[in-house]
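Q: I have a new structure to look at and would like a plain walk through it. Can we take it piece by piece?

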Amino acid sequence: MCQEVKQADSAYIAGTYGRFDAVMLKGEGAHYEGPDGKRYIDFGTGIGVTLFGACDPDWVAAVTHQLTTLGHTSNLYYTEPQTQLAKLLCERTGMKKVFFGNSGAEANECALKVARKYGEKDNRDVIVTLVNSFHGRTIATLAATGQDRFHEHFGPFPAGFRYTPANDIPALEAILSTGNVCGLLMEMVQGEGGVIPLDPAFVKKAEELCRANDILLMVDEVQTGNGRTGTLYAYEQFGIHPDVVTTAKGLAGGLPMGACLLGERCEHVLGKGDHGSTFGGNPICAAAALNVISRLNEDVFAGVKERAAYIRKELTGAPGVKSITGLGLMIGILPENKTAAEVASACLQDGLMVLTAHEKVRLLPPLNISYEDLAAGLAILKKHFA
Ligand SMILES: *Cc1c(COP(=O)(O)O)cnc(C)c1O
């Protein structure tokens, strides 16, 4: 079966993915299994998605209940799960309004539109993002992504995007004071860029400069959000109050959902007909996200921080480990003498699923992974770093 799946993939799937050499059949918690019976421990959660592990029973029950009650209506009608979820997200964050889409790119697309319309009154249309950022794969979110390698082949890109280096306060001051900037979009921890947290002083300064220049402060929490870093959203740990927060990946715990949260300065910017999505906030994904967000409490966050400390302790000074970066259970490990891709494929061979991000091995394990599974996975990881 594995061979057939791989052959059909290469025959019929658009060749956009460099896949690992493994077919997955089923999953339970932090364990996956292939059709060949090969078993894996999961340190990747499908890129930060299955926060409580694969096929978590409580999540499955919530989704199944909604699936057999009401699956889809479009946004032409009101539905309770969508409104309940929006209310919960606003109550938990202090934000005022939510727009739901189906992915991180769409959440960011909404943020970009909000910033553009916000700046319309005084002809400000420039959106500033950081060098080495990642914001998605659509044409506009690629333009927002501050990495040259994403800017090949697909131009012309929309105008009005400028990039500034992370943690460089004078450069940020210069670019935000030009008088034509409407929004600043940034990740608190650059994920795809190599799991690099921003400097807290830079983040605080960014907030101050946005306030002083009437610029929307927009935080991309697609990867860092929903408990991943040990708080509901990572910006909380930087002591800022963003105007826009985007999230996706783990939001619905395994179903496609993105959200763009709007604070009081921009809650009324979008009006009827300004934006929309056929599937956005559909009852099934909303029920899934309600289950996830209502379970993300202080106990879970304490567990995230504890597990993160354990992983760091285990890996610090381990042979072949050059450095460890990240926040909470979003961890980047730089190998000393191997490439991240080499380490990741050797781990997979040995039954451990990990991710990479630039030159780092990236870990995004389930937030509730058992210490037994953590220990077993870390043993495999250490073997292949050495
Ligand atoms: C993954 C990611 C995105 C894109 O999300 P998709 O759901 O793949 O569109 C955007 N921003 C950040 C920070 C991400 O990690």
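Q: What is the strand order in the open sheet of four strands?
A: The order is 1-2-3-15, and the pairing is mixed. Strands here are DSSP runs (E, at least two residues) and helices are DSSP runs too (H or I, at least four residues), numbered from the N terminus. Two strands pair if DSSP finds at least two bridges between them.

Q: Before going on, where does the model come from, and how are residues numbered?
A: It is a predicted model, where local features need pLDDT of at least 70, side-chain atom pairs count only at pLDDT 80 or more, and totals for chains, interfaces and linings use all residues. Residues are numbered from 1 along each chain as its sequence is written, and side-chain values use heavy atoms, with hydrogens and water left out.

Q: How do strand 1 and strand 2 pair?
A: They are antiparallel, over three bridges. G27 stands opposite Y32 in strand 2.

Q: And strand 2 with strand 3?
A: Strand 2 (residues 31-33) and strand 3 (residues 39-42) also run antiparallel, joined by three bridges. E33 has R39 in strand 3 as its bridge partner. The hairpin of these two strands has five residues between them, and G37 there takes a positive phi near 85°.

Q: Parallel or antiparallel for strand 3 and strand 15?
A: Parallel, over two bridges, with strand 15 covering residues 352-353. I41 has L352 in strand 15 as its bridge partner.

Q: What holds strands of a sheet together in general?
A: Strands of a sheet pair through backbone hydrogen bonds, either parallel or antiparallel.

Q: Now D373. Where is it?
A: D373 sits in helix 12, residues 371-385.

Q: Is it buried or exposed, and how far away is the nearest side chain of opposite charge?
A: D373 is buried, where buried means under 20% relative accessible area, exposed over 50% and partly exposed in between (1.4 Å probe, protein chains only). D373 has no salt bridge, and the nearest side chain of opposite charge is R39, 7.6 Å away. A salt bridge needs a side-chain nitrogen of Lys or Arg within 4 Å of a carboxyl oxygen of Asp or Glu. For charge, Lys and Arg count as positive and Asp and Glu as negative, while His and the chain ends are not counted.

Q: What does D373 touch, then?
A: Leaving aside neighbours within four places in sequence, D373 is in contact (heavy atoms within 4.5 Å) with A30, H31, I41 and F43.

Q: New topic: what is the strand order in the open sheet of seven strands?
A: The order is 4-12-11-10-7-5-6, with mixed pairing. The edge strands are strand 4 (97-101) and strand 6 (161-164), each pairing on one side only.

Q: How many bridges join strand 11 to strand 12?
A: Four bridges join strand 11 (residues 244-247) to strand 12 (residues 258-262), and the two run antiparallel. V245 has L261 in strand 12 as its bridge partner.

Q: Last one: where are H65 and G71?
A: H65 is in helix 3, residues 57-67, and G71 is in the loop between helix 3 and helix 4 (80-93). H65 is exposed, because its relative accessible area is 52%. G71 is partly exposed, because its relative accessible area is 25%.
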